[in-house]
Amino acid sequence: MLKFELLRDRGVLIVTPNGPLEKADFERLANEVDPFIASKGKLTGLLIYTESFPGWDSFGALVSHLKFVADHHRQIARIAAVTDSGFRKIIPTIATHFIEAQIRVFDFPQKAAALAWLETGE
C-alpha cells in the first residue's frame, strides 16, 4: 500500500510505501497529482520515503508503477529517495536511464534535508 501527500503550496509529492504496492495505488496517485500538474505544469519534487522498498503485490501492480513513471517523469523537476535500502547506492545510476529529473538519495533520518533540496536545489 502506498500513502501519499501532495504539499500543494510547495509543489512536492511525498510518497510512503508501507506494504507491497498495489495497482490501485497508482490509480489513486494519478487521480490526486494529475489535476495539480495540469494546473501548475509540473511538480517541484517527489520525495520517496521508505526504510526499504516493499515490492509489488502483483505483476499488474508492477506494470501500473512503470506506466505511472513513464507518464509522469517529465513533469517532475527533482526526486529525493529517503531510504536505508541496500539499493540506495545504485538508485541514481539506474534511474537516470528512465527519468529526466535530478535524483538524489538521502539517509532515512534526513527527510527534512531531502525536502529542503527538493524545494531549493541546495
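The legends below accompany close-up views of a predicted model.

**View 1. Helix α1 and its bend at Val33.** Helix α1 covers residues 23–40, and its 18 residues reach 26 Å from the first C-alpha to the last, which is close to the 26 Å expected at 1.5 Å a residue. Just after α1, the backbone at Gly41 takes a positive phi of about 95°. The buried residues of α1 are Asp25, Phe26, Leu29, Ala30, Val33, Phe36 and Ile37, and what covers them includes the strands β1 (2–7), β2 (12–17) and β3 (43–49) together with the helix α2 (59–72).

**View 2. The largest nonpolar core and the surroundings of Leu43.** The largest nonpolar core has 18 residues, and those with the most contacts inside it are Leu13, Leu29 and Leu43. Two or more residues are given to this core by each of β1, β2, α1, β3 and β4, with α1 giving the most, at 6 residues. Apart from this core lies another one, of 13 residues, among them Val12, Val82, Ala114 and Trp117. In soluble globular proteins, nonpolar side chains tend to be buried together.

**View 3. Ala61 in helix α2.** Ala61 has a relative accessibility of 0% and therefore counts as buried, the limit being under 20%. The C-alpha atoms of Ala61 and Ala24 are 7.7 Å apart in space, although the two residues are 37 residues apart in sequence. Beyond its neighbours within four places in sequence, Ala61 is in contact with Leu21, Glu22, Lys23, Phe26 and Trp56. Of these contacts of Ala61, Phe26 is itself one of the buried residues of α1.

**View 4. Two tilted aromatic pairs, Phe26 with Phe68 and Phe106 with Trp117.** The count of aromatic pairs comes to 4. In the pair of Phe26 and Phe68 the ring centres are 6.2 Å apart and the planes stand at 45°, so the pair is tilted. Phe26 belongs to helix α1 and Phe68 to helix α2, so this pair ties together parts that are 42 residues apart in sequence. Phe26 is buried, with a relative accessible area of 6%, and Phe68 is buried as well, with a relative accessible area of 13%. Phe106 and Trp117 form an aromatic pair that is also tilted, with 6.1 Å from centre to centre and 55° between the planes. Here Phe106 lies in strand β5 (residues 102–106) and Trp117 in helix α4 (residues 111–120), so the parts tied together are 11 residues apart in sequence. Both Phe106 and Trp117 are buried.

**View 5. The side chain of Thr83 and two backbone oxygens.** Thr83 lies in the loop between β4 (76–82) and α3 (91–95), and this residue is buried, with a relative accessible area of 5%. A polar atom of the Thr83 side chain lies 2.7 Å from the backbone oxygen of Thr50, and the side chain of Thr83 also reaches the backbone oxygen of Glu51, at 3.0 Å.

**View 6. Tyr49 in strand β3.** The C-alpha atoms of Tyr49 and Ile14 are separated by 7.1 Å, while the two residues are 35 residues apart along the chain. Not counting residues up to four places away in sequence, Tyr49 touches Val15, Thr16, Pro17, Val82, Phe108 and Lys111.

**View 7. Arg78 in strand β4.** Arg78 has a relative accessibility of 17% and counts as buried because the limit is under 20%. Its side chain is joined to that of Gln102 by a polar contact of 3.0 Å. Leaving aside neighbours within four places in sequence, Arg78 is in contact with Thr44, Gly45, Leu46, Ala101, Gln102, Trp117, Leu118, Glu119, Thr120 and Gly121. Trp117, listed among the contacts of Arg78, is also the partner of Phe106 in a tilted aromatic pair.

Notes
Residues numbered from 1 in each chain as written. Predicted model: local features only at pLDDT ≥ 70, side-chain atom pairs only at ≥ 80, totals over all residues. Heavy atoms only, no water. Helix = DSSP H or I, 4+ residues; strand = E, 2+ residues; numbered from the N terminus. Expected span 1.5 Å × (residues − 1). Bend = angle between axes of the 7 residues up to and from the residue. Buried < 20%, exposed > 50% of the residue type's maximum accessible area, 1.4 Å probe, protein only. Contact = heavy atoms within 4.5 Å. Polar contact = N/O pair within 3.5 Å; in protein donor to acceptor, adjacent residues only side chain to side chain. Core = buried A, V, L, I, M, F, W, Y, C linked by side-chain atoms within 4.5 Å. Phe/Tyr/Trp six-rings, centres within 6.5 Å; stacked < 30°, edge-to-face > 60°.
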